[in-house]
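Keep it brief and give the cut-offs behind each term.

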Amino acid sequence: MRAYDLILKKRNGGELSVEEIDFLVKGYTEGSIPDYQMAAFLMAVYFRGMSDREAADLTEAMVRSGDRCDLGSIPGIKVDKHSTGGVGDKTTLIVAPLAAAAGVPVAKMSGRGLGHTGGTVDKLESIPGFRTTLTLDEMAKQVRETGVAVVAQTGNLTPADKKLYALRDVTATVDSIPLIASSVMSKKLASGADAVVLDVKAGSGAFMKTVQGAVDLARAMVAVGERRGLHTVALVTGMDEPLGTAVGNALEVREAIDVLAGGGPEDLRELCVNLASYMVVLGRKAPTPADARRLCEELLSGGCALAKFREWISTQGGDPAVIEDGSLLPRAAREVPVPSAASGFVESIDAETVGKAASLLGAGRLTKESSIDPAVGVTVIKKVGMRVEEGEPLGILHVNDPAGLDEAMTALQKAYRFGQEPPPRRRLIIAVVTRDGVDGHPPLST
Ligand code: URA
């Protein structure tokens, strides 16, 4: 087999066999296929696409390039959760203990995250003492005993994806649906869960800017998961403003605690209840999404989800007193309100720009080596649909180092678009994608 012939075949719109895909992935990971040939192949995929079968074979080849976690010692159906990323997305901190409180074992590996704010691991590490570097055995033991563990990625999972992703990043081939689907699903498969709920975001703060793009990506990921034996449900959800009100690591932990305590912002709570409900259905702890929703609502209002969060923090070495006393979490030296430059109804808030404001204050890391400040970030006061008068605060900047303050203030102001009428209400849960197809129903109701 020659890489040249496979590039030509894909360039001309052909469908590659499993052996041909294996040859490319193995050869590229081992170094016998050079970057320039793989780059040409990726560009051919970008323009020609891949069938579901090809994408599933590509996924499996990437899984086989490295280690695969064995969660077999944990009884029950292990359910993972993944978000394609969004600003203010602290859903894992809420849905992991919520699903665990419903009896679904959650053993999740998570990232630190580059970009605007930290990843889930960074958020958890803002809890004093919280340890995210567990071994696989420690993680399995904790899930057997407590029902939930979220740890930083360990082992050599999907090295082919790491190498391919780095190449895609510099060859303008990241935003190809089969390549994103196989990249994300290879990591989910290698992490060893039995089922996964995906949160695929659509909108200004998301990878996929349009609903159609997000639905297509969700469908491709569900197809890959189901073909490889990972039961997969995807929710397509709106990301036209930051999720909830907190953007920044410790701020997001505080907001997650509010939701687990039965309060918190409506959009965040609604999304978490939906995600956890599908996890509960996949974990066979409720027969239908509506039953699962009732269970999740009870676990939130009755304090069981918060009790599970407390147990989880302590078993992973953190100080559970942060639940009652938010001052035990890192807190920034100054809180600076950002006045609105205009009056009107908030029409949209560019989530990416709010993320940029948080990152200018030090909430995110720009390179793998840079450190983050867990205390800083943005609290969004005015959400979409709210009325604002000129001079009223749009949000609050939580600041330690004043170097980025002016730029962050301007960024937050620029993120807002105003109208003279209240904007139409947008749906948060846009569609649910399963192996049976795409369902554009409104959110589950009790
Ligand atoms: N996230 C991933 O892990 N892979 C992609 O290809 C895109 C986003």
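A search of the whole structure finds 4 aromatic pairs. Here, rings of Phe, Tyr and Trp (its six-membered ring) pair if their centres lie within 6.5 Å; planes under 30 degrees apart are stacked, over 60 edge-to-face, and the rest tilted. F309 and W312 make an edge-to-face pair, 5.6 Å centre to centre with 70° between the planes. The two residues are 3 apart in helix α14 (residues 304–315), so about one helical turn separates F309 and W312. Helices are DSSP runs (H or I, at least four residues), numbered from the N terminus. F309 counts as buried because its relative accessibility is 0%. W312 is buried too, at 0% relative accessibility. The pair of Y416 and F418 is stacked because the ring centres lie 6.0 Å apart and the planes meet at 20°. Y416 is buried at 4% relative accessibility, whereas F418 is partly exposed at 24%. Buried means under 20% relative accessible area, exposed over 50%, and partly exposed in between (1.4 Å probe, protein chains only). F130, F309 and W312 form one aromatic cluster.

This is a predicted model: local features need pLDDT of at least 70, side-chain atom pairs count only at pLDDT 80 or more, and totals for chains, interfaces and linings use all residues. Residues are numbered from 1 along each chain as its sequence is written, and side-chain values use heavy atoms, with hydrogens and water left out.

**Charges over rings**

A charge sits over a ring if NZ of Lys or CZ of Arg is within 6 Å of the ring centre and within 35 degrees of the ring normal. The table gives two such contacts.

| Charged residue | Ring | Distance from ring centre |
|---|---|---|
| K163 | Y28 | 4.5 Å |
| R387 | F345 | 5.1 Å |

**Domains**

The protein is divided into domain 1 (3–49), domain 2 (79–324 + 428–439) and domain 3 (332–419). These bounds come from an automatic or database domain assignment. The C-alpha centres of domain 1 and domain 3 lie 43 Å apart.

**Cavities**

On a 1 Å grid over the protein atoms alone, a cavity is a set of points where a 1.4 Å probe fits but cannot get out; a pocket is an open set with protein on both sides within 12 Å along at least five of seven lines; lining residues have an atom within 4 Å of a point. Grid points are joined across faces, edges and corners, and a volume is the space filled by probe spheres set on the points.

The structure holds 2 cavities of 30 Å³ or more. What classes of residue line the largest cavity? The lining has 9 nonpolar residues, no polar and no charged. Ala, Val, Leu, Ile, Met, Phe, Trp, Tyr, Cys and Pro count as nonpolar, Asp, Glu, Lys and Arg as charged, and the others, Gly among them, as polar.

The second largest cavity holds about 40 Å³. D161, R168, S182 and S183 are among its lining residues. By class, this lining has 5 nonpolar, 2 polar and 2 charged residues.

**The second largest pocket**

This pocket has a volume of about 660 Å³. Of its 22 lining residues, E241, D267, R425, R426 and L428 are the closest to the centre. Helix α12 (residues 266–282) gives the most to the lining, with 3 residues. The lining divides into 10 nonpolar, 2 polar and 10 charged residues. Domain 2 and domain 3 each supply at least three of the lining residues.
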